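The questions below go through one structure step by step. Read each answer with the sequence and the model in view.

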Amino acid sequence: MFAYMNILNNVAYALPTTKTELYIYAFVVLSVILWCRMRWVHRQFYRLEHKIKGPPSYPLKGSIFDLSTTPEKMLDKLKESAVKNEYEPVKLWVGPFLFIGVYKPEDVQIVLNSSSALEKGIIYHIFRYAFGEGLFTASMNKWKKHRRIIATIFNTKFLDQLYPIFNENNKKLIEVLSKHTNDTQPFDVWDYIISCDLNNISQFALDYDRIDKQTLAEYTLAMKKVLEISKCIVKPWMYLYWIFTVYAYITGLKVYMDQLKRISLQIIRDKKLEFKTTMAAQQTNRSTNGDITEKTIKNSPKVFLDKLLKLNNEGVDFTDDELIDEVITITIAGSDTSAITQCFCLLLLAIHQDIQDKVYEEIYNVLGDSERDVTPEELFQFKYLEMVLKETLRMFPPGVIFSRKTNANIKLTNCELPKGCNVFVSPYVTHRCPELYPDPDSFNPENFSPENESGRHMFSFLAFSGGPRGCIGAKFAMISMKLMVITILRRYSLHTNCTMSEIKMKIDLLAKKANGYPITVRPRVNVV
Ligand code: HEM
């Protein structure tokens, strides 16, 4: 009886007496109810999540949401946790968002080929705000329609007629590099390579032949500036639209975002007008000659935008805004990625003189002493250079992580991903797995010899992602990168005092080398 009275007294003591206490109590009780309801409604999500290993997580903070962590450290932590869990999936809470890393090629294949993982993850929001809803950021329904159409453009015949664009820009590149031939100290090759790539990709996407130099300079500057938003990717609060918008205004980024759109729209309008005139001329020629004349054949589509407009005319029906988004996406997705790979490749060849000699030998075997341009048939013969570029992409994939949102549970080899999580794949982590690539921290193009490649799982090499949402520009990239390396090595030998252990990474959306790519160039005098 006494004990009973005591309990009642304690309860009475704990009851709210003031209005403030009442509000606090109500808030706590409501929060607990809402939390229980959320756990109940999403019980299947939590049941599956619970089965996946990962570091301890704390409310709000999650497992890795630590402001002092740099992206480079975060990547090292990811690699550590993957090794610790023997490359089985690892879960990470970032604030309220569940991320699950998938590293084993067998699991990666399931994810990238799954129709339940075609939606892009939350980290892409920033890119959607900055350069619209092109293929790279598009939501699933839009992506399905656009990808099917745009994939028809990236065929071999279309890519083959781009060689003159690449060759012309490469020639300009080796001319500007000539001013460094007497340098005794290494210089950073980045600015030269990215300018060449920006020219390649803008000419490919928009056809710059007809735009004045001033506009070209404005467009490439705007592209460089907009690309800088990738550093926001490690700041989750930027995923909120209104915070990003304020940031874009304050930092002046909005000016460049508008500039990209304005110039693209102007070119699209000019091209549309030109396209109409050509079509009208074709109609007239057909009615007078009964066939298409030489003049109209010469006017057949040369660049990406021409092709899009032609498809539009055939009933595809892209709005001007959609055309702008796709053109900007192609230019953004195709410039830094290629430039990073080319810079790493040049640096790695400068560090590994024996491998550089082998690449030069191959160039000499195919092209001899001639200075003529490389043809598509000849480029196909550069097998060793292809191995070198793939090994570069293995060690230093520009995209170290990419992610998708699951819209259904997905069964992997040993566990199940819950619907609604952000699943991510890390080429960097998978590419450094010693079971797939022995001695993974050494640069060894033999990893991609036909024998070694055929003995490995297809999804062991993820630099271009894979499955239906993989890189649409992979072939374009390989052609442009091969042609550039060939052009440079034909004229110069490359040297550096940088060593492998000195290569430190700087990561935002893409992974670059911190402190640039220091090389020296010497005119080639010796013939093999
Ligand atoms: C070395 C060069 C390149 C690398 C390493 C690379 C890598 C990638 C990766 C990993 C993805 C998938 C990203 C994700 O799922 O989030 C991707 C997508 C994409 N890439 Fe590339 N890329 C390169 C060059 C290019 C080029 C030259 C173009 C255009 C000409 C291009 C256009 C695209 C587009 C449009 C997408 C989005 C595809 C879609 O979602 O359907 N890329 N790329």
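Buried means under 20% relative accessible area, exposed means over 50%, and partly exposed lies in between (1.4 Å probe, protein chains only). This is a predicted model, in which local features need pLDDT of at least 70, side-chain atom pairs count only at pLDDT 80 or more, and totals for chains, interfaces and linings use all residues. Residues are numbered from 1 along each chain as its sequence is written, and side-chain values use heavy atoms, with hydrogens and water left out.

Q: Is Asp441 buried, exposed or partly exposed?
A: Asp441 forms a salt bridge with Arg432 (a side-chain nitrogen of Lys or Arg within 4 Å of a carboxyl oxygen of Asp or Glu). Arg432 is buried, at 9%. Asp441 has a relative accessible area of 47%, so Asp441 is partly exposed.

Q: How many helices and strands does the protein chain have?
A: Helices (H or I, at least four residues) and strands (E, at least two) are DSSP runs, numbered from the N terminus. By that rule the protein chain has 22 helices and 12 strands.

Q: What percentage of the residues of the protein chain count as buried?
A: The protein chain exposes about 26,500 Å² (Shrake-Rupley method, 1.4 Å probe; for residues, only the protein chains shown count as cover). Carbon and sulfur atoms supply 58% of that area. Of the 528 residues, the share that counts as buried is 51%.

Q: What share of the contacts with a separation of 6 or more comes from residues 24 or more positions apart?
A: Contact means heavy atoms within 4.5 Å. Among contacts in the protein chain with a separation of 6 or more, residues 24 or more positions apart account for 77%.

Q: Which element supplies the largest share of the shell around the ligand?
A: A residue is near a molecule if one of its heavy atoms lies within 4 Å of it. Helix H7 (140-151), helix H16 (320-351), strand S5 (402-405) and helix H22 (474-491) each supply at least two residues of the shell. The largest share, six residues, comes from H16.

Q: How many residues of the shell around the ligand are charged?
A: Ala, Val, Leu, Ile, Met, Phe, Trp, Tyr, Cys and Pro count as nonpolar, Asp, Glu, Lys and Arg as charged, and the others, Gly among them, as polar. There are 29 residues around the ligand. They divide into 18 nonpolar and seven polar residues, and the number of charged ones is four.

Q: Which residue has a polar side-chain atom 2.7 Å from an oxygen atom of the ligand?
A: A polar contact is a pair of N or O atoms within 3.5 Å; within protein, one must be able to donate a hydrogen and the other to accept it, and residues adjacent in sequence count only if both atoms are side-chain atoms. A polar backbone atom of Leu135 is 3.3 Å from a ligand oxygen, and a side-chain N or O atom of Arg404 is also 3.3 Å from a ligand oxygen. The side-chain atom at 2.7 Å belongs to Trp143.

Q: Why does the salt bridge of Lys512 and Asp336 tie together separate parts of the sequence, and how many residues apart are they?
A: The closest N and O atoms of Lys512 and Asp336 are 3.4 Å apart. Asp336 is buried at 8%, while Lys512 is partly exposed at 25%. Lys512 lies in strand S11 (residues 511-513) and Asp336 in helix H16, so the parts that the pair ties together are separated in sequence by 176 residues.

Q: Is Ser403 buried or exposed?
A: Ser403 is in strand S5. Leaving out residues up to four places away in sequence, Ser403 touches several residues, including Lys120, Tyr124 and Phe424. Its relative accessible area is 1%, so Ser403 is buried.
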